[in-house]
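Here are my notes for your review. Please read them beside the sequence and the coordinates.

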Amino acid sequence: SESSAAERTAVGVKLGSTRTVLSMGRGDERRAVKTLTCLATYEDAITGDERVLYGETAAAEYPDRVQYMLRSGLPEDDERADLTERFFRELLRSESVPEDSGVVYAIPTIDNEPGLENLGAVVEGSDIGSEFVRSYPESLCGAIPALGEGLEAINEIFVSVNLGSTNLEACAYRRGEQLAPFATGSVTGVGV
């Protein structure tokens with residue numbers, strides 16, 4: 001039998017260049033999971049199978065092998081898309097995110113069609129979001145909780161500035177419509 005709308009899990013996803021955030025549930029049942037956007041693989045000493053660790057555990061236990069796949073903010077090529085998909089699959093599995101969910105995910109305002117398509121494919125091709133999957137600009141997603149309890153931001157006219165770890169984004173919104181988006185290229189990175 002199909003679950004009612006009240007029983008479905010609402011899931012918010014932000015796959016960031018440094019941190020990934022999942023927000024799940026409704027009301028008092030809402031919980032947020034924050035983790036580093038990275039993974040490491042190792043061989044199981046007993047079975048010989050490849051194992052995957054992600055987030056802080058991967059960074060702490062395998063600092064020599066850990067891979068941060070979204071350093072530019074998006075999975076720009078097939079290799080980065082595959083790593084992002086593995087990371088996301090492991091995160092969803094370990095957090096028991098239900099398939100019967102409605103998913104909203106944030107996308108950066110970056111002029112990089114292949115990277116945006118890869119990000120969409122990772123989220124939309126995952127085992128969650130059987131009810132619906134929708135993407136919205138990162139700067140709009142960040143403004144919604146800042147402008148009220150619910151979705152009041154959708155009915156307002158405002159400017160949103162998103163100071164991410166990789167990019168700076170700014171955009172004017174008019175009742176949910178994105179006007180004049182601006183985004184820098186990568187503005188941070190590992191210095192030598």
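Predicted model: local features only at pLDDT ≥ 70, side-chain atom pairs only at ≥ 80, totals over all residues.

1. Strand β6. This strand spans residues 101–107 and is mostly covered. Of its 7 residues, 5 are buried.

2. Partners of β6. Strand β1, residues 9–15, pairs with β6 in the parallel sense. That pairing counts 5 bridges.

3. How does the chain cross from β6 to β7, and with which hand? The path goes through helix α3, residues 113–124. This β-α-β crossover is right-handed.

4. Pro137. This residue belongs to strand β7. Its relative accessibility is 16%, so Pro137 counts as buried; the cut-off is under 20%. Beyond the neighbours within four places in sequence, Pro137 is in contact with Ile107, Tyr173 and Gln178. Cys171 lies 34 residues away along the chain from Pro137, and their C-alpha atoms are separated by 9.5 Å.

5. Val161. Is this residue, at 54% relative accessibility, buried or exposed? Val161 counts as exposed because the threshold is over 50%. Its place is in strand β8, residues 157–163. Setting aside neighbours within four places in sequence, Val161 is in contact with Leu168, Glu169 and Ala170. Ser139 is 22 residues from Val161 in sequence, yet the C-alpha to C-alpha distance is 6.5 Å.

6. Aromatic pairs: Tyr42 and Tyr62. How many aromatic pairs does the structure hold? There are 3. One of them is formed by Tyr42 and Tyr62, and it is stacked. The centres are 5.5 Å apart, with 10 degrees between the planes. This pair links distant parts of the chain, 20 residues apart. Tyr42 sits in strand β4, residues 39–43. Tyr62 sits in the loop between α1 (55–61) and α2 (78–94). Tyr42 is partly exposed, with a relative accessible area of 25%. Tyr62 counts as buried at 18% relative accessibility.

7. Aromatic pairs: Tyr54 and Phe87. Why is this pair edge-to-face? The planes of the two rings stand at 80 degrees, so the pair takes that label; the cut-off is over 60. The ring centres of Tyr54 and Phe87 are 5.9 Å apart. This pair too links distant parts of the chain: Tyr54 is in strand β5, residues 50–54, and Phe87 is in helix α2, 33 residues away. Tyr54 is buried, with a relative accessible area of 17%. Phe87 counts as buried as well, at 0% relative accessibility.

8. A charge over a ring. Where does the charged end of Arg71 sit? The Arg71 end sits over the ring of Tyr68, 4.5 Å from the ring centre.

How values were computed
Residues numbered from 1 in each chain as written. Heavy atoms only, no water. Buried < 20%, exposed > 50% of the residue type's maximum accessible area, 1.4 Å probe, protein only. Helix = DSSP H or I, 4+ residues; strand = E, 2+ residues; numbered from the N terminus. Pairing = 2+ DSSP bridges. Right-handed = clockwise from strand over helix to strand, strands pointing away. Contact = heavy atoms within 4.5 Å. Phe/Tyr/Trp six-rings, centres within 6.5 Å; stacked < 30°, edge-to-face > 60°. Lys NZ or Arg CZ within 6 Å of the ring centre and 35° of its normal.
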